[in-house]
Amino acid sequence: SSCQPTCRRPRPQPTPAAMPEMHYKIGQMINVAGRQFVYTNHGAGIDTHTQMGTNLVYLCEKRGMHFFCPNGALENGLVCMAPAADGLSVQPHYWEESTEYDTRMAAGGAVVKPQRPPEQPVEKYPTGSLIELYGEKFLYNNQPASRVQQYMGDQCALTIAAEKRGTFFLAPQNNLALGLVALTTSADGQTVEPQYWINYAEYQELVAQQTKAAEPAP
């Protein structure tokens, strides 16, 4: 089945004032699109659904974290992008679909398996940074400002393109010409913020258009 944009809040539960790595505890449940999901952080689920090239369908933001549905199928569980304990990197967490969880536990599965460590961040990318992926260049300037909202809306499909410096780079609609959405941590390290990296070829075209528009009429 496909994902739906509905993202319901879990039942109120006491949450410590400072929990920088994850604002949910192992075993907690949430209801999304009429299904229950258990926060297990099962290592196999993380490894399977956060590989490069994995398609993620955006669902919602909760408590400063972003929830995605792997390959648009709710039975695959949910991938939650949350700040790591260092406050500098983004780390994926896995929520298991409840019936899949029950089946695995009935077969003697472990409650949680070790999760792969995040890539050690060197430093955050400043505005104006350039990166190259798959032969394409991308510029971080967060412009046009509407792109993040456009590509991180309900049911938007994104593909994991890379993980660098603790930042996940996602390609909207698996199309590098549309630029990249980068998931990085906020300045205080408590939430995950999406940023937009424009394809450099498009950026050059926009600059040329602006330059031509600014020229005096003959």
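In the predicted model, Asn174 is located in the loop that connects β10 and β11. The phi angle of Asn174 is positive, near 55 degrees, although the residue is not a glycine. With a relative accessibility of 57%, Gln173 counts as exposed, and Asn174 counts as exposed at 55%. Gln173 belongs to the loop between β10 (167-172) and β11 (180-185). Gln173, likewise not a glycine, has a positive phi of about 55 degrees.

The protein chain contains four helices and twelve strands. The twelve strands form an open sheet with antiparallel pairing, in the order β1-β2-β6-β5-β4-β3-β9-β10-β11-β12-β8-β7. The edges are taken by β1 (29-32) and β7 (130-133); each has a single partner strand, so one side of each has no neighbour in the sheet. On average, and with direction ignored, neighbouring strands of this sheet are turned by 40 degrees against each other. In general, the strands of a sheet pair through backbone hydrogen bonds, in either a parallel or an antiparallel manner. Leu130 has Leu139 in β8 as its bridge partner.

Helix α2 (residues 98-106) packs on the sheet and touches β1, β2 (35-39) and β6 (90-97). The direction of α2 makes about 80 degrees with that of β6. Ser98, Tyr101 and Arg104 are the buried residues of α2. These residues lie on the same side of α2, because they cover an arc of only 125 degrees around the axis. An α-helix has 3.6 residues a turn, so residues three or four places apart point the same way. The buried residues of α2 pack against β1, β2 and β6, whereas Thr103 and Ala106, on the other side of α2, are exposed. Gly108 follows α2 and has a positive phi, near 90 degrees. Another helix, α4 (residues 200-214), lies across β7, β8 and β12 (192-199). The angle between α4 and β12 is about 65 degrees.

Two further loops were examined. Thr40 is found in the loop between β2 and α1 (43-49). Thr40 has a relative accessible area of 1% and is therefore buried. Between Thr40 and Glu97 there are 57 residues of separation in sequence, and their C-alpha atoms are 9.8 Å apart in space. Pro144 lies in the loop between β8 and α3 (146-151). The peptide bond that joins Gln143 and Pro144 is cis, with omega about -5 degrees.

A disulfide is a covalent bond between the sulfur atoms of two cysteines. A search of the whole structure found zero disulfides. Cys80 is in no disulfide, and the nearest cysteine sulfur, which belongs to Cys60, is 8.8 Å away. Cys80 has a relative accessibility of 0% and so counts as buried. Cys156 is also buried, with a relative accessible area of 19%; the cut-off for a buried residue is a relative accessible area under 20%.

Over the protein chain, 47% of the 218 residues count as buried. The accessible surface comes to about 10700 Å², and 51% of this surface belongs to carbon and sulfur atoms. Among the contacts in the protein chain with a separation of 6 or more, 59% are between residues 24 or more positions apart.

Terms used:
Residues are numbered from 1 along each chain as its sequence is written. This is a predicted model: local features need pLDDT of at least 70, side-chain atom pairs count only at pLDDT 80 or more; totals for chains, interfaces and linings use all residues. Side-chain values use heavy atoms; hydrogens and water are left out. Two strands pair if DSSP finds at least two bridges between them. Helices (H or I, at least four residues) and strands (E, at least two) are DSSP runs, numbered from the N terminus. Axes are lines fitted to C-alpha atoms, for helices over the stretch in contact, and angles run from 0 to 180 degrees between N-to-C directions. Contact means heavy atoms within 4.5 Å. Buried means under 20% relative accessible area, exposed over 50%, partly exposed in between (1.4 Å probe, protein chains only). The arc is that of the directions from the helix axis to the C-beta atoms. Accessible areas come from the Shrake-Rupley method with a 1.4 Å probe; for residues, only the protein chains shown count as cover. A disulfide is a pair of cysteine sulfur atoms within 2.5 Å.
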